[in-house]
Structure formats: C-alpha cells, structure tokens
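Have the sequence and the model side by side.

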Amino acid sequence: MTTILVAVNDIFFYAKLRDALKPQGYRLERARSLQDVPDKTAALQPAVFVLDMNDPALDGLKALEA
C-alpha cells in the first residue's frame, strides 16, 4: 500500500484528500506539526508528501528543509 504524508491543518482539505485517495488504495498519514514532518517522513518513507504552504503553524519552507 502506498503511503502519502499529508501535512495540512485544514480539516476540510484533509477530508477531500482522504475521500479521493483512500478508495484508490492509498494510506494517508497526517503530520499536524512541523516536528511531525521529519519524524513521520523518516519512519514511513512516504511515496508522496502533500504540504500546505500557506499554513503558518507548519511553516512550509522549514518543513521542506527538515
């Protein structure tokens, strides 16, 4: 099963991703904070990473650096 790491705090956006991708057989894991991003990336080795660049709590540029 392909894992997708989703770093978004907007529950509606996450729900849309979940509803579109889970039926296709993807596994979604959610990163809720900046620290979750490197931790979950290392542990899960996701095939895809979805990041909300407009979320100040996640700080997209720092998340990408991590």
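R18 forms a salt bridge with D19, and their closest N and O atoms are 3.2 Å apart. A salt bridge here is a side-chain nitrogen of Lys or Arg within 4 Å of a carboxyl oxygen of Asp or Glu. Side chains of opposite charge can pair when their charged atoms come close. R18 counts as partly exposed because its relative accessibility is 31%. The cut-offs are these: buried means under 20% relative accessible area, exposed means over 50%, and partly exposed lies in between (1.4 Å probe, protein chains only).

Two notes before we go on. This is a predicted model, where local features need pLDDT of at least 70 and side-chain atom pairs count only at pLDDT 80 or more, while totals for chains, interfaces and linings use all residues. Residues are numbered from 1 along each chain as its sequence is written, and side-chain values use heavy atoms, with hydrogens and water left out.

How many salt bridges does the rule give? The count is 3. One of them joins E29 and R27, at 3.0 Å from N to O. E29 is partly exposed, at 21% relative accessibility. R27 is partly exposed too, at 34%. Another salt bridge links K62 and D59, with 3.8 Å from N to O. K62 has a relative accessible area of 48%, so it is partly exposed.

Stay with D59. Its place is in the loop between β3 and α3. Such names follow a simple rule: helices (H or I, at least four residues) and strands (E, at least two) are DSSP runs, numbered from the N terminus. D59 is partly exposed, with a relative accessible area of 29%. Look at its backbone as well. Phi of D59 is near 50 degrees, a positive value in a residue other than glycine.

Q45 also has a positive phi without being glycine, near 45 degrees. Find Q45 in the loop between α2 (36–44) and β3. Q45 is exposed because its relative accessible area is 65%.

Is D52 buried or exposed? D52 is buried, yet it has no salt bridge. For charges, Lys and Arg count as positive and Asp and Glu as negative, while His and the chain ends are not counted. The nearest side chain of opposite charge to D52 is R30, 9.1 Å away. What does the side chain of D52 reach? It reaches the backbone nitrogen of N54, at 3.0 Å. D52 also touches A7 and V8, leaving aside residues up to four places away in sequence. Contact means heavy atoms within 4.5 Å.

D55 sits in the loop between β3 and α3. D55 is buried and has no salt bridge. Here the nearest side chain of opposite charge is R30, 7.5 Å away. The side chain of D55 reaches the backbone nitrogen of A57, at 2.9 Å.

Next, the surface. M53, L61 and L64 form a nonpolar patch there, with about 320 Å² of accessible area together. Patches are made of residues with over 30% relative accessible area and no salt bridge: like charges are joined within 9 Å, and nonpolar side chains (Val, Leu, Ile, Met, Phe, Trp, Tyr) within 5 Å. Accessible areas come from the Shrake-Rupley method with a 1.4 Å probe, and for residues only the protein chains shown count as cover. L61 is in helix α3. L61 counts as exposed because its relative accessibility is 56%.

Q24 is another exposed residue, with a relative accessible area of 60%. Look for Q24 in the loop between α1 (11–21) and β2 (27–30). Q24 and E65 are 41 residues apart in sequence and 30 Å apart in space, C-alpha to C-alpha.

Finally, turn to I4, in strand β1 (residues 3–7). I4 counts as buried because its relative accessibility is 4%. Which residues does I4 touch? Leaving aside residues up to four places away in sequence, I4 touches L21, Y26, R27, L28, E29, P46, V48 and V50. Compare I4 with D55: they are 51 residues apart in sequence and 18 Å apart in space, C-alpha to C-alpha.

Methods
Polar contact = N/O pair within 3.5 Å; in protein donor to acceptor, adjacent residues only side chain to side chain.
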